[in-house]
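User: I would like to go through this structure with you and ask, term by term, what each description rests on. Please set the values against the definitions as we go.

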Amino acid sequence: MLKAKICLIGEAAVGKTSLIRRYVEDSFDDRYISTLGSKVSLKKLWLTSRSDPKRNVEVQLSVWDLIGERSYLDTLHKEYLKGAQGLIAVCDVTRYSTFEALDQWIPAAFRITGQVPLALVVNKLDLKDQVMCLYDEHEPQEKAERYGGFAVWSSAKSGMNVNPVFGNIALAVVRRIAAPEAQ
Ligand code: GDP
Ligand code: MG
């Protein structure tokens, strides 16, 4: 069994805690409860080799959530990010500033973790029709690629694309462990 530490980063109220809750418990809560203290959730998943379907890799993800009220960049603790093998950088489709802020968050995190697999998640996709869409369609993917990662549009509320975010980041981490030279 492989173990992987994944950390979520991004501005307050973008949906970090909600994405974890959706992924780990498959539930959603409309209230905004700022997490006090960093919280670690565990979730097991199995990755199957495409070339050899009988080969399964069991992965134990430990998913780290930032302290709510203080989930701002200037308090991004070394302890929180130390040893992280994958990052999920989250922004909010209704607030473009949270997307811009990722240009602070991601380099700051990479300074601690080194260049690790990265998912850039534009969350609250269920609200997209209710807001004037502030994003150019390709912008998140372009930004993600600039940091060597990939972008996903998700909704913790509907569950849309939540499993693929965690599944793909786990896959990227496992690939990197299996073939570090190829990265
Ligand atoms: P965090 O500070 O980044 O951990 O954000 P939270 O997960 O606590 O979410 C902040 C607020 O946004 C809460 O009221 C959530 O219910 C709401 N929220 C989170 N994800 C979504 C989503 O995908 N869609 C909608 N409509 N609301 C969301
Ligand atoms: Mg939170």
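**What the terms rest on**

Analyst: The chain holds 6 helices and 6 strands, and in sequence order these follow the pattern β-α-β-β-α-β-α-α-β-α-β-α. Please keep in mind throughout that this is a predicted model.

User: How do you know that the sheet is open, and which strands are its edges?

Analyst: The 6 strands are arranged in the order β2-β3-β1-β4-β5-β6, with mixed pairing, and form an open sheet. The strands β2 (39-48) and β6 (150-153) are the edges, each of them pairing on one side only. Averaged over the sheet, and with direction ignored, neighbouring strands are turned by 25 degrees against each other.

User: What makes β1 and β4 count as paired strands?

Analyst: Two strands pair if DSSP finds at least two bridges between them. Strand β1 (residues 2-9) and strand β4 (residues 86-92) are joined by 4 bridges and run parallel, so the pair meets that requirement. As one point along this pairing, Ile9 stands opposite Ala89 in β4.

User: What makes β1 and β3 count as paired?

Analyst: The cut-off is again at least two bridges, and β1 is joined to strand β3 (residues 56-65) by 6 bridges, with the two strands running parallel; the pair therefore qualifies. Here Ile6 has Val63 in β3 as its bridge partner.

User: Why is β1 described as largely enclosed by the rest of the structure?

Analyst: Buried means under 20% relative accessible area, and 6 of the 8 residues of β1 are buried, which is why the strand is described as largely enclosed by the rest of the structure. Leu8, which is placed in strand β1, has a relative accessible area of 0% and is therefore buried. The C-alpha atoms of Leu8 and Leu87 lie 5.9 Å apart in space, although these residues are 79 apart in sequence. For the chain as a whole, buried residues account for 46% of the 183 residues.

User: Why are Ala13 and Asn161 called partly exposed rather than buried?

Analyst: Buried requires under 20% and exposed requires over 50%, with partly exposed in between. Ala13 is at 29% relative accessibility and therefore counts as partly exposed, and Asn161, at 30%, is likewise partly exposed. Ala13 lies in the loop between β1 and α1, while Asn161 is placed in the loop between β6 and α6 (162-178). Neither is a glycine, yet Ala13 has a positive phi of about 70 degrees and Asn161 has a positive phi of about 60 degrees.

User: Which residues come nearest to ligand 1, and what makes up the shell around it?

Analyst: There are 20 residues around ligand 1, of which Ala13, Lys16, Thr17, Ser18 and Asp126 come nearest. By class, the shell has 7 nonpolar, 5 polar and 8 charged residues. Helix α1 (residues 16-25) gives the most to this shell, with 3 residues.

Key:
Residues are numbered from 1 along each chain as its sequence is written. Chains are lettered from A and ligands numbered from 1 in the order in which they are written. This is a predicted model: local features need pLDDT of at least 70, side-chain atom pairs count only at pLDDT 80 or more; totals for chains, interfaces and linings use all residues. Side-chain values use heavy atoms; hydrogens and water are left out. Axes are lines fitted to C-alpha atoms, for helices over the stretch in contact, and angles run from 0 to 180 degrees between N-to-C directions. A residue is near a molecule or strand if one of its heavy atoms lies within 4 Å of it. Ala, Val, Leu, Ile, Met, Phe, Trp, Tyr, Cys and Pro count as nonpolar, Asp, Glu, Lys and Arg as charged, and the others, Gly among them, as polar. Buried means under 20% relative accessible area, exposed over 50%, partly exposed in between (1.4 Å probe, protein chains only).
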